[in-house]
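Welcome! Please look at the sequence and the structure before you start.

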Amino acid sequence: STDNHNFRIGYIISRLDIFDTALATLQNLFAAGDLSGTAPLLIEALRFEFITLGMDFSFGNISGMLEHVRRKVGEPINAKQYGSYLMLQYALGKYHPHITYAIADSIGFSSINADQKSVTVGVKYELSYSAVLKLDYLHIGSLKETPGFFLSAPTEKDSASIVSVALDLVF
């Protein structure tokens, strides 16, 4: 870590007992084509492994962040999920225009395959030392024709756009 950049790493392994209704529903649908009587599936001692590598940096008026994450889920789900993003911003007095590119990719079976890419363009405006107004435009597209964070599986041409306005306050 220096005045211009900061590195971080995180790692955790855990074993959890979970009830997975989504996984049980998918198993019943694939096995019998019937969802009636679906009960939550108890998965005991499911192993989760999570690692993240990141960096934030600033050089004059330009600053940014980048991060890569890997999540690994053990048997019986046996899935890996990778995600990365890069955010750049430029300081123009109280205005901070920014752009972010993000991608998420899954390998293996998962009740949620979040395979998607997104681009966010926006601007932050510093109202005071404890208040920031943000305006963002987010465009999300699917990868590999999986649902991603959509409710049903879109095609490669399907996408969604979101415009958001937020007020961040520090108390």
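Helices (H or I, at least four residues) and strands (E, at least two) are DSSP runs, numbered from the N terminus. The model is a predicted one, in which local features need pLDDT of at least 70 and side-chain atom pairs count only at pLDDT 80 or more, while totals for chains, interfaces and linings use all residues. Residues are numbered from 1 along each chain as its sequence is written, and side-chain values use heavy atoms, with hydrogens and water left out.

**Exercise 1. Describe the secondary structure of the protein.**

Step 1: Along the sequence they follow the pattern β-α-β-β-β-β-β-β-β.

**Exercise 2. Work out the surroundings of Glu67.**

Step 1: Find the residue in strand E3, which covers residues 62–73.
Step 2: List its contacts (heavy atoms within 4.5 Å). Beyond neighbours within four places in sequence, Glu67 touches Arg8, Thr52, Leu53, Gly54, Gly83, Ser84 and Tyr85.
Step 3: Check burial, where buried means under 20% relative accessible area, exposed over 50%, and partly exposed in between (1.4 Å probe, protein chains only). Glu67 is buried.
Step 4: Look for a salt bridge, that is, a side-chain nitrogen of Lys or Arg within 4 Å of a carboxyl oxygen of Asp or Glu. Glu67 has none; Arg8, the nearest side chain of opposite charge, is 4.0 Å away. For charge, Lys and Arg count as positive and Asp and Glu as negative, with His and the chain ends not counted.
Step 5: Turn to polar contacts (N or O atoms within 3.5 Å; within protein, one must be able to donate a hydrogen and the other to accept it, and residues adjacent in sequence count only if both atoms are side-chain atoms). The side chains of Glu67 and Thr52 make one at 2.6 Å.

**Exercise 3. Find the aromatic pairs and describe them.**

Step 1: Rings of Phe, Tyr and Trp (its six-membered ring) pair if their centres lie within 6.5 Å; planes under 30 degrees apart count as stacked, over 60 as edge-to-face and the rest as tilted.
Step 2: Searching the whole structure turns up two aromatic pairs. In one, the ring centres of Phe57 and Phe59 are 6.1 Å apart and the planes stand at 35 degrees, so this pair is tilted. Phe57 is buried, at 15% relative accessible area.
Step 3: Tyr95 and Tyr125 also form a tilted pair, with 4.7 Å between centres and 45 degrees between planes. Because Tyr95 lies in strand E5 (residues 95–108) and Tyr125 in strand E6 (residues 116–128), the pair ties together parts 30 residues apart in sequence.
Step 4: Tyr95 is partly exposed, at 45%, and Tyr125 is partly exposed, at 27%.
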